[in-house]
Amino acid sequence: MNGTSRGWGVKVVASVLVLLSAGCRAAPAFDISGSFFPAWMLCLVVGIALTFAARYGLMRLQIADEVGPPALIYPCLVALFTCLLWLLLFR
Amino acid sequence: MTMSEVERDERRRKGRVVGAGIVALTVLVVLVAVWQTDSHPRTDDATVRVNYITVIPEVSGLLESLPIKDNQYVKKGDLLFSIDCRPYEYVLQQSRANQALLESQIVDDKRRIAAQGSAVDAARAGVQSSHTGVAAAVSNIDAAAATVARAQSAAAAAQAQLTLATANLGRIEPLLAKQYVTYEQVDQARTAVRVAQESYNGAESALLQARAQQGQAVAGKAAAEAGVSQAQAHLGQAIHTVDTVDTLMAQRPVLAAKVLDAELNVERCRVVAPFDGYVTNLNISEGAYAHPGTAMFTLLDMRNWYVIANYRESKLRYMKPGMHADLYLMGHPDRRFSGTIESIGYGVLPEDARVAEGLPEVDRTLNWVHLAARFPVRIRVDNPDPQVFRMGETAVSVIR
């Protein structure tokens, strides 16, 4: 299990590096049927989804109850993922 | 301590580390994001712009030809439209004819003035000859004076002769009674006295005549001087009656300006594109009446593309002209264009600038949160793609 998580981590780091080195910066807005939404909104949606995944991961590691007050940790995770995605993709 | 308790402590420690790591990382990442948005201000409140002109005729008339279509690309110097030019050509011909008429009038007048100039020359010659007359009169006077002097000497000589003859007669006459002299001698002496008397009389009358001639010569000089004055008066008269072409010459620039104006109007009948651009808002056809000052259509200046991005006032301090900007068009979000900040707007209409009935109109509000004003930042697109760019497109700009 330890090896698996390390492999997963390596994959994340690798993809992050690829994204950064590609310097691929798309327009920081999205056209959704004629309305332009800012990129951070998309990042927020993805960030919320990733937070669910992280919660699942923490539960798998059996530390979900030990990381601290959920009212602090999960908004922090949402903010973290949102900002990180935004910084990586749309900086 | 049981195995499960040890495991639980281990999990708790791990959980705390992960939780603290999440919070610390979040703070860090949020700070980085804030720093990024401050140092690279971005806005999606931006549109693509080009400068444009409304094409306005400067002369009135019916449109004779309109070889362009709406949304057509035209190059600099291409004909946009032409207006029926005949009235302006007639005006041009008229003004040229007026100019030619004036020139021939000037030629005529010059000829007449040349004749008047010859009259002046003749008058000047008259003055000259009258001066000569004066000089002749002066020498006449001198000659008369010499004659008078001669006559005076002759008179004096005759008088001396008479005195001598009279004295001789006086000496010999008493001697006749005593017969010391003969009658003949006395008669001779008497004759000598008479001859001397006559000669003296002749000399006197010659002197009178010479004096009269002198007076005549003086009068002749006065007459010659009067002749000079008269000749000079004639000359002045001749000079003053010489006409000038100044009035006609003064009309030359007026008529030339009229010709230029007419030529300009003829030129203005053909309207050409002042730059490469796209025709827009063209909704008329041949035969439309062109009014000076009324727009016919619009021409977009394709030489320079701009993105006008409205940035919040709080971001303006991070940008200055010359900085690079990444630009995205919402019509082509996959393509990135580069731009350069050309200038930052110095004015927008203030929110509280309304005036009603001569007084500022101020709302009664209780606003604790104020929205930042936005100022238009003009960004010149460095690598525009004419196939993609359209005026008014939505754009996103990020200052780098």
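**Conventions.** I noted that this is a predicted model, in which local features need pLDDT of at least 70 and side-chain atom pairs count only at pLDDT 80 or more, while totals for chains, interfaces and linings use all residues. Residues are numbered from 1 along each chain as its sequence is written, and chains are lettered from A and ligands numbered from 1 in the order in which they are written.

**Chain A.** I looked up the secondary structure, where helices (H or I, at least four residues) and strands (E, at least two) are DSSP runs numbered from the N terminus. Chain A has 3 helices and 2 strands, and along the sequence they follow the pattern α-β-β-α-α. I then checked burial, which requires 20 or more other C-beta atoms within 10 Å of a residue's own, with 12 or fewer counting as exposed, values in between as partly exposed, and C-beta atoms placed from the backbone; by that rule 24% of the 91 residues of chain A are buried. For contacts (C-beta atoms, placed from the backbone, within 7 Å), I found that 63% of those in chain A between residues at least 6 apart in sequence join residues at least 24 apart.

**Contact between the chains.** The contact takes 24 residues from chain A and 26 residues from chain B. On the side of chain A that touches chain B, β1 (29-32), β2 (35-38) and α3 (70-90) of chain A each supply at least two residues, and the largest share, 10 residues, comes from α3(A). I sorted that side by class, with Ala, Val, Leu, Ile, Met, Phe, Trp, Tyr, Cys and Pro as nonpolar, Asp, Glu, Lys and Arg as charged, and the others, Gly among them, as polar, and it divides into 18 nonpolar, 2 polar and 4 charged residues.

**Helices of chain B.** I fitted axes to C-alpha atoms over the stretch in contact, with angles from 0 to 180 degrees between N-to-C directions. The axes of α2 (residues 86-172) and α4 (residues 183-240) of chain B come within 6 Å and cross at roughly 165°, so α2(B) is roughly antiparallel to α4(B), a term for angles over 145 degrees. By class, the contact of α2(B) with α4(B) has 37 nonpolar, 20 polar and 6 charged residues.

**Sheet of chain B.** Strands pair if DSSP finds at least two bridges between them, and an open sheet of 4 strands in chain B has the order β5-β4-β2-β7 with antiparallel pairing. Its edge strands are β5 (270-272) and β7 (289-290) of chain B.

Technical notes: Angles under 35 degrees count as roughly parallel, over 145 as roughly antiparallel, 65 to 115 as roughly perpendicular and the rest as oblique. Two residues are in contact if their C-beta atoms, placed from the backbone, lie within 7 Å.
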